[in-house]
Amino acid sequence: MSSLILEGGTFRPIFSAGIMDALLDNDIMFPYCIGVSAGITNGFSYISKQKKRNYDILINHRHDKRYIGFRNFFKCKSLFGLDFAFDELPNKIYPFDMDTFKSYEGKILVGVTNAKTGVTEYLNGKDLDEKCNMLRASCAIPLFFPPAIINDNEYFDGGICDPIPVLKAMEDGNEKHLIILTRPKGYIKELGKGNIFAAKVLKKKYPNLVKPLLTRHELYNDRVKYCEQLERDGKAIILRPTAEDGIDSFEKDLNKIKHAYNHGYNIALERIDEIKKFFSIS
């Protein structure tokens, strides 16, 4: 079996959305999809076969204060308008095709971080509810989001403890992988001030999150190296933006966002024959 693995990165995965739309245009549907944060959120539109849905949402609402803005902290303790982003958008403005999504015969997993244990859990995407709580959980960046509550458990961003969930994909029996990264080749993650601050703020309530937050950069760099070794071993194809074409996590320039989407789409098209051959897709 083959897997599609999706890294997060807030707005950076618009690049991944371009790739997945190219896959849809070529009738390529992976039987296993796993990811975290905005990566897997975009992946849901791939599973529901709704081309450009992710693009339309970001382009039309990047500067919509209901979607993102500090005023939302007063409403829902989040930089993002949670009910707008995870309820109004998918249920009213850009209706999510739940019927097509539910008819998907493969496996889709959403990586989340248990706030109490500091351990990654993988939720069955088929259990998605109308409020998209599992996606809220996977996108819940500490301090930018409150923890998401699912079955009385508190969850944060899935990328904290498993930023590129290739090991889980392998554990589930997948032998070949299409890995979509949102950082360019050669990128080295460093310990950021935001993670240090978050660790201090959350230490008392969530002590098991401290170490993951402070070592997240090391885990990320190790996981990228592992993916690159899989590629050298003929077990994976990695698609990622060039240094010139990537965008920031909170990119404001709509032209750059459009370019990142098109960059992903075009990269996938350029390698579509290679992808079909590698995964034995007729």
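This is a predicted model: local features need pLDDT of at least 70, side-chain atom pairs count only at pLDDT 80 or more; totals for chains, interfaces and linings use all residues.
Local features are described only at pLDDT of at least 70 and side-chain atom pairs only at pLDDT 80 or more, while totals for chains, interfaces and linings use all residues. Residues are numbered from 1 along each chain as its sequence is written, and side-chain values use heavy atoms, with hydrogens and water left out.

In an unreviewed UniProt entry, the annotation "active site" covers Ser 37 and Asp 157; UniProt positions follow the numbering used here, feature names are shortened, and annotations may be inferred rather than shown by experiment. These residues are spread over 121 residues of sequence, yet they cluster in space, with a largest C-alpha distance of 6.2 Å. Of these residues, Ser 37 is included in the lining of the largest cavity. A cavity here is a set of points, on a 1 Å grid over the protein atoms alone, where a 1.4 Å probe fits but cannot get out, and lining residues have an atom within 4 Å of a point.

Ser 37 belongs to helix H2, which covers residues 37-47, whereas Asp 157 is part of strand S6, residues 153-157. Helices (H or I, at least four residues) and strands (E, at least two) are DSSP runs, numbered from the N terminus. Ser 37 is buried, at a relative accessible area of 6%, and Asp 157 is buried as well, at 4%. The word buried stands for under 20% relative accessible area, computed with a 1.4 Å probe on protein chains only; over 50% is exposed, and partly exposed lies in between.

Leaving out residues up to four places away in sequence, Ser 37 is in contact with Gly 8, Gly 9, Ser 138, Cys 139 and Asp 157; contact means heavy atoms within 4.5 Å. With the same exclusion of residues up to four places away, the partners of Asp 157 include Ser 37, Thr 113, Ser 138 and Arg 216. A polar atom of the Asp 157 side chain also lies 2.7 Å from the backbone nitrogen of Gly 159.

Another annotation takes in this part of the chain. UniProt lists residues 28-47 as "transmembrane region", again in an unreviewed entry. Over residues 28-47 the chain is 55% helix and 25% strand, and the end C-alpha atoms stand 11 Å apart.

Helix H1 comes next. Its 12 residues, 14-25, reach 17 Å from the first C-alpha to the last, close to the 16 Å expected at 1.5 Å a residue; the expected span is 1.5 Å times one less than the number of residues. Because 11 of the 12 residues are buried, H1 is largely enclosed by the rest of the structure. Among the buried residues are Ile 14, Phe 15, Met 20 and Leu 24. Just after H1, Asp 27 takes a positive phi of about 55°.

The loop between strand S1 (2-6) and H1 holds Thr 10, which is buried at 17% relative accessibility. Beyond residues up to four places away in sequence, Thr 10 touches Ala 38, Phe 80, Ile 141, Ser 249 and Phe 250.

At the N-terminal end, H11 is capped by Asp 253, with a side-chain oxygen 2.9 Å from the backbone nitrogen of Asn 255.

Asn 72 is found in helix H4, residues 72-76, and is buried, with a relative accessible area of 4%. A polar atom of its side chain lies 3.1 Å from the backbone oxygen of Leu 79. Apart from neighbours within four places in sequence, the contacts of Asn 72 include Lys 65, Tyr 67, Leu 79 and Phe 80.

Finally, the cysteines. Zero disulfides are found in a search of the whole structure, a disulfide being a pair of cysteine sulfur atoms within 2.5 Å. The sulfur of Cys 33 is too far for a bond, because the closest cysteine sulfur, in Cys 139, is 13 Å away. Cys 139 is in no disulfide either, the nearest cysteine sulfur being that of Cys 132, 10 Å away. Cys 33 is buried at 0% relative accessibility, and Cys 139 is buried at 9%.

Conventions:
A polar contact is a pair of N or O atoms within 3.5 Å; within protein, one must be able to donate a hydrogen and the other to accept it, and residues adjacent in sequence count only if both atoms are side-chain atoms. On a 1 Å grid over the protein atoms alone, a cavity is a set of points where a 1.4 Å probe fits but cannot get out, and a pocket is an open set with protein on both sides within 12 Å along at least five of seven lines; lining residues have an atom within 4 Å of a point.
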